[in-house]
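Here is a friendly briefing for a first look at this structure. Keep the sequence and the 3D view open side by side as you read.

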Amino acid sequence: MDIKKTVISLAEACGASGSEKCAAELALSMLREYCPDAEIINGNVIGRFGTHKEGLPLLVLDAHIDQVGLIVTYITDEGFVKVGNIGGIDRRLLPAQPVVIHGKRDVKGVICSVPPHLTNGDSGVLEMEDVAIDTGLTKAELEEVIEAGDSITFDVTCRDLIGSRITGGALDDRCGVASILYALELLRDKPLAYNTAVIFSTQEEVGERGAKIGAFELDPDIAIAVDVSFAYAIGEDESKCGYLGKGPMIGISPSLSREISDSLISTAKAEDIPYQREVMSGLTSTNADRYSVNRCGAKTCTVSIPLRNMHTPVEVIDLEDVEMTAKLLAGFIREGVK
């Protein structure tokens, strides 16, 4: 499996929360190589890996397939498209961004930006109700191809940076999807400590909604939420960040299973996989929060890939972290709780 190609293919597929079909169908086609019976259930991509063995606990690997974006609210008489946010969009970065409106056909546009010459240098951050997209089309032309409720994503492709780093949009959390796929590749024909299922879940960015119904559907004994977390960049609090290229971040929190956290750390040490601790004082704001209280609860942990510039069109990851995350997951599923 070509990790770089997989990450980029997934990251460049459109799939804002609630409109994940394109990204989900791509992920489904990739998952079926390892889980032939995988299917889309209520939007979530779900597959079971290997042969089910009686008596073994069920472990679920979860990564969310959705991305942050915008949604069309209405079209002005002048032909500008007004929007709302889908998920945690940073309004500071919106002016002058190229976007794609996903209507009956894709329509490209740019978010309007007032020239600095006309702002007296004191313009503030746009309120969402002030954001507008210019497509060059009239209101009548737009109404033929888009309508209120259509999703919008940033118009961006992935690019190489130095070494094994890449930048792009939707690396949160398509790189997590890729790491799970690579973990399955590493587990082919290997004895497993768990019955294993995979879910690429929807609507994480708007409240972990896909994971909530997926957790109820699968009812796992153990769940690992594979997501991204903050990689240190200049000006940030180093104590709250991981580092690019230094391996997966293993979650430790009162809302997580310390048994699973410690076992993941033991696996990393035993297999000489670099890792980082991610200490959280309460909930994780990931899909792990849904699994840990599902039905009678599941032993849950997070494994996160360090990422810079989260929820922007220029997210940055190191592909070596994706590979190391996959190796950690595979090692844990082979060996089980230590």
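In helix α2, the residues A23, A24, A27, L28, M30 and L31 are buried, where buried means under 20% relative accessible area, exposed over 50% and partly exposed in between, with a 1.4 Å probe and protein chains only. They lie on the same side of α2, because they cover an arc of only 160 degrees around the axis; the arc is that of the directions from the helix axis to the C-beta atoms. This is a predicted model, in which local features need pLDDT of at least 70 and side-chain atom pairs count only at pLDDT 80 or more, while totals for chains, interfaces and linings use all residues. Residues are numbered from 1 along each chain as its sequence is written, and side-chain values use heavy atoms, with hydrogens and water left out.

**Helix α2 and its surroundings**

- The buried residues of α2 pack against α1 (3–11), β1 (39–41), β2 (44–49), α4 (171–187) and β12 (195–201). Contact here means heavy atoms within 4.5 Å.
- The helices (H or I, at least four residues) and strands (E, at least two) are DSSP runs, numbered from the N terminus.
- L26 also belongs to α2, which spans residues 21–31. With 25% relative accessibility, L26 counts as partly exposed.
- Leaving out residues up to four places away in sequence, L26 touches S9, L10 and A13.
- From L26 to V45 the C-alpha atoms are separated by 10.0 Å, and the two residues are 19 apart along the chain.

**How α2 meets α4**

- The axes of α2 and α4 come within 11 Å and cross at roughly 10 degrees. Such axes are lines fitted to C-alpha atoms, for helices over the stretch in contact, and angles run from 0 to 180 degrees between N-to-C directions.
- α2 and α4 are therefore roughly parallel to each other. Angles under 35 degrees count as roughly parallel, over 145 as roughly antiparallel, 65 to 115 as roughly perpendicular and the rest as oblique.
- The crossing of α2 and α4 is right-handed. A crossing is right-handed if the near helix is turned clockwise from the far one by less than a right angle, and left-handed if anticlockwise.
- On the α2 side the contact is made by A23, A27, M30 and L31, and on the α4 side by R174, V177, L181 and L184.
- By class, the residues of this contact between α2 and α4 are seven nonpolar, no polar and one charged. Ala, Val, Leu, Ile, Met, Phe, Trp, Tyr, Cys and Pro count as nonpolar, Asp, Glu, Lys and Arg as charged, and the others, Gly among them, as polar.

**How α1 meets α4**

- α1 and α4 pack at an angle of about 140 degrees, and their axes are 9 Å apart. That makes α1 oblique to α4.
- The crossing of α1 and α4 is right-handed.
- α1 contributes I3, T6, V7, L10 and A11 to the contact, and α4 contributes L171, R174, C175, V177, A178, L181 and Y182.
- The contact of α1 with α4 has 10 nonpolar residues, one polar and one charged.

**Backbone details to look for**

- Most residues other than glycine have a negative phi, and most peptide bonds are trans.
- D172 and D173 are joined by a cis peptide bond, with omega about 5 degrees. D173 is part of helix α4.
- A170 is not a glycine, yet its phi is positive, near 65 degrees. A170 sits in the loop between β11 (165–168) and α4, and at 7% relative accessibility A170 counts as buried.
- H311 likewise has a positive phi of about 65 degrees without being a glycine. The loop between β16 (299–307) and β17 (315–318) holds H311, which counts as buried at 15% relative accessibility.

- P98 is in strand β6, residues 98–102. P98 is partly exposed, with a relative accessible area of 31%.
- Apart from neighbours within four places in sequence, P98 is in contact with G109, V110, F154 and D155.
- T286 lies in the loop between β15 (276–279) and α7 (288–291), and at 8% relative accessibility T286 counts as buried.
- Not counting residues up to four places away in sequence, T286 touches E204, E208, A225, D227 and T302.
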